[in-house]
Amino acid sequence: MLTFIVRRLFAVAGLLLVVAFVTMVIFYEMPQWGGQTPATMAVQYVGKQPSPAAIQGVIHRFGFDRSFLVQYIDYIRTIVTGTTFSDGTQDIVCKAPCLGYSFRNYQQVWPTILGDLPVTFSIAAGAGVLWLFFGVASGLASAVRKGSLLDRASMVTALLGISLPVYFLAPLLSLPLAYRWSILPAPGSYVGILSDPGQWFLDMILPWTCLAFGLAALYTRLTRAGMLDVLSEDFVRTARAKGLSERRVILKHALRAAITPIITIFGMDFATVLGGAVLVEITFSMKGIGFLAITSIQNGDFPMMMGVTLFAAAFIVLANLLVDVMYAVADPRVRL
Amino acid sequence: MTAGGERPFLDVRDLRVHFPTDDGVVKSVDGISFALERGKTLGIVGESGSGKSVTSLSLLGLHRRADRKGRGGARISGGIWLDGQDLVTASAEEVRRLRGEKMAMIFQDPLSAMHPFYTVGAQIIEAYRVHNKVSKPVARKRAIELLELVGIPQPNTRVDDFPHQFSGGMRQRAMIAMALVCNPRLLIADEPTTALDVTVQAQILDLMRDLQREFDSALILITHDLGVVAELADDIMVMYGGKAVEYGTAETVFRQPEHPYTWGLLGSMPRIDRAVQDRLSPIRGNPPSLINVPAGCAFHPRCPYTAETGGRSDTEIPRLAGSDPGHLVRCHLDPARRQEIFTEQIRENL
């Protein structure tokens with residue numbers, strides 16, 4: 001198990017190197033294949049009517065004047081060792097892990113990401129609890145009462161949940177709940193959990209619901225299908241033949257087998273949301289990782305884009321590793 | 001009839017298990033009757049789809065019953081009396097309490113019949129604790145005891161192994177241990193050796209015979225393999241198309257089988273002492289559909305002797321009858337003629 005984890009951690013590092021390479025090609029090299037030159041790219045970062053010297057300075061600062069491979073190695077090296085930037089007037093010390101410096105808003109990338117993480121984490125954690133619980137519970141109930149009114153109702157709701165995008169659901173819920181009756185805070189309000197837990201919880205209810213609804217719908221269908229599969233297994237019949245109560249047969253024997261793959265998928269989905277719940281963050285104007293990603297793309301903020309992409313990718317590959325380990329713990333037949 | 005008194009330990013009367021489907025009613029079991037005393041073994045023999053497994057599952061009450069309108073599950077009628085208690089009219093909860101405790105089942109494929117995520121010990125302990133209010137350590141001791149009884153080496157450590165860490169034979173032994181843990185008086189084994197290596201089959205059959213003697217339980221052995229039945233059974237019931245076609249003591253059914261289908265089963269059994277150039281004689285045709293059972297005798301499309309029934313074979317369902325009350329046959333042929341055919345044409349080829 002331990003050697004497996006160590007081996008996989010190396011693979012994770014390798015994978016992230018590849019991700020960084022591909023992202024850099026996309027953000028730095030591909031514009032040049034499309035006719036852009038280092039000069040035209042640099043122009044976006046200096047004021048109006050720039051002097052040639054200013055443009056040259058930006059080209060040098062971004063490393064556009066060096067070969068791509070050197071830029072790439074340099075980027076990786078600064079992540080590990082840190083570096084010092086100069087914005088022309090003063091030196092900025094960027095400590096490891098240094099993901100670069102955003103010349104757009106004069107901020108270091110890594111601390112910015114860390115600063116936005118609590119928002120995204122708040123969204124992901126609450127929504128994760130909601131969608132896992134409601135998804136599994138309604139999928140379970142549907143499978144056990146297959147063909148019943150409850151089953152049909154939950155399948156219709158699930159279909160609705162899968163088809164309703166967040167940006168449609170959000171106004172649908174917030175118009176009556178936040179604007180008309182003022183039961184919940186209006187979108188755009190966010191207080192950190194540490195400063196006011198009660199307000200934080202109220203602020204989060206709508207974003208959680210909007211994000212969780214679609215995913216809960218997906219998990220309902222997954223759980224239902226998985227349970228129906230497992231319920232026809234021989235070992236479920238054995239459990240009944242032993243004289244166990246139906247409740248125990250369902251919860252201890254059938255669900256135990258059906259939930260394992262669902263937990264796996266949950267790990268991946270949760271990591272994806274942690275890498276930025278873009279639609280929810282934009283819809284509710286919550287400044288999390290997803291919001292940061294979108295604004296940095298809109299601003300052409302290359303270092304920030306690179307940083308966010310790498311950060312999200314790291315979450316996903318690490319979640320992958322975690323899921324594999326969890327699978328081995330959950331299923332005794334799996335050996336790592 | 002008073003409960004328990006004169007009634008056999010297990011008494012099944014005119015049991016019918018029908019499944020309504022969109023295509024029609026599947027008559028998996030269509031009026032079978034048998035009786036079984038403790039310490040005795042009944043072998044139920046038949047091809048796939050003859051209704052033998054459905055019979056065993058209905059004894060344990062493992063079919064989902066149809067609702068009042070007769071939909072969504074099995075329609076079960078007739079009577080199943082276990083130790084004087086009628087299981088057909090009993091509530092689901094009453095039957096559940098009996099399952100595992102008074103009647104237990106050994107399934108065909110022990111790998112898929114055991115939960116892959118729980119240890120063998122945990123599954124046996126669970127089976128014991130459903131019906132016995134004891135602490136986990138006590139139940140664990142009992143599980144180890146049972147594992148030792150069924151011949152698992154080092155039961156103290158193997159008890160914590162998962163099913164996939166056992167060999168096929170060991171798994172079936174563990175399955176038997178799980179079935180026996182509450183000391184059931186009726187044991188149903190559904191193809192207990194089919195999934196096992198031939199070398200292991202004999203061991204498992206020996207084990208079952210020994211344990212049956214020790215526990216003095218009634219044993220129903222369901223199989224398509226007449227060799228297995230010959231080893232263990234006191235009585236044999238041959239099923240075809242949801243009905244019993246021949247029912248008698250093992251001795252008579254093997255020595256003087258009278259139904260053409262039983263002849264066919266016996267003829268398709270490989271024998272080591274038969275000359276190599278003799279082909280096995282399979283029964284021609286396929287088992288009947290249980291939705292559209294052939295009219296008259298269900299076996300008539302495959303029977304070589306229909307010409308001798310005077311046209312009754314496809315119009316009239318033969319009754320299960322016989323001159324000897326210990327040997328019943330469902331066939332239009334005259335008993336004397338059946339015996340003649342067997343003696344003159346069949347016996348030498350078996």
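**Exercise 1. The surroundings of V130(B)**

Task: Find which residues V130(B) touches, not counting residues up to four places away in sequence.

Solution: 
- Step 1. Two residues are in contact if their C-beta atoms, placed from the backbone, lie within 7 Å.
- Step 2. List the partners. V130(B) touches K242(A), G243(A), L244(A) and G100(B), with residues up to four places away in sequence left out.
- Step 3. V130(B) is found in helix α4 (residues 120-131) of chain B. Helices (H or I, at least four residues) and strands (E, at least two) are DSSP runs, numbered from the N terminus.
- Step 4. Check burial. A residue is buried if 20 or more other C-beta atoms lie within 10 Å of its own, exposed if 12 or fewer, and partly exposed in between; C-beta atoms are placed from the backbone. V130(B) has 21 other C-beta atoms within 10 Å, so V130(B) is buried.
- Step 5. G70(B) is 60 residues apart from V130(B) along the chain, and their C-alpha atoms are separated by 31 Å.

A note on the model and its labels: this is a predicted model, where local features need pLDDT of at least 70, side-chain atom pairs count only at pLDDT 80 or more, and totals for chains, interfaces and linings use all residues. Residues are numbered from 1 along each chain as its sequence is written, while chains are lettered from A and ligands numbered from 1 in the order in which they are written.

**Exercise 2. The side of chain A that touches chain B**

Task: State how many residues each chain gives to the contact. Then describe the side of chain A.

Solution: 
- Step 1. Count. Chain A gives 17 residues and chain B gives 23 residues.
- Step 2. Find the elements. On the side of chain A that touches chain B, α9 (234-241) and α10 (246-274) of chain A are the elements that give two or more residues.
- Step 3. Pick the main one. α9(A) provides the largest share of that side, 6 residues.
- Step 4. Sort by type. That side of chain A has 5 nonpolar, 4 polar and 8 charged residues. Ala, Val, Leu, Ile, Met, Phe, Trp, Tyr, Cys and Pro count as nonpolar, Asp, Glu, Lys and Arg as charged, and the others, Gly among them, as polar.

**Exercise 3. Chain A as a whole**

Solution: 
- Step 1. Of its 336 residues, 36% count as buried.
- Step 2. Examine residues 117-327 of chain A. The chain there is 82% helix and 0% strand, with end C-alpha atoms 27 Å apart.

**Exercise 4. Chain B as a whole**

Task: Decide how the radius of gyration of chain B compares with the globule rule.

Solution: 
- Step 1. Count elements. Chain B has 12 helices and 12 strands.
- Step 2. Apply the rule. The radius of gyration is taken over C-alpha atoms, and the globule rule is 2.2 Å times the number of residues to the power 0.38. Chain B has a radius of gyration of 21 Å, close to the 20 Å that the rule gives for 350 residues, so chain B is as compact as a globular protein of that length.
- Step 3. The C-alpha trace of chain B covers about 70 × 55 × 40 Å along its principal axes.
- Step 4. Buried residues make up 45% of the 350 residues.

**Exercise 5. A sheet and a helix in chain B**

Task: Work out the strand order of the open sheet of 4 strands. Then place α1(B).

Solution: 
- Step 1. The order is β2-β1-β4-β5 (chain B), with antiparallel pairing. Two strands pair if DSSP finds at least two bridges between them.
- Step 2. The edge strands, β2 (24-36) and β5 (85-86) of chain B, each pair on one side only.
- Step 3. Strand β1 (residues 10-21) of chain B joins β2(B) over 10 bridges, antiparallel. L10(B) has L36(B) in β2(B) as its bridge partner.
- Step 4. α1(B) lies across β1, β2 and β4 (75-82) of chain B, at about 70 degrees to β2(B). Axes are lines fitted to C-alpha atoms, for helices over the stretch in contact, and angles run from 0 to 180 degrees between N-to-C directions.
- Step 5. In helix α1 (residues 52-59) of chain B, 8 of the 8 residues are buried, so the helix is largely enclosed by the rest of the structure.
- Step 6. Just after α1(B), G61(B) takes a positive phi of about 70 degrees.
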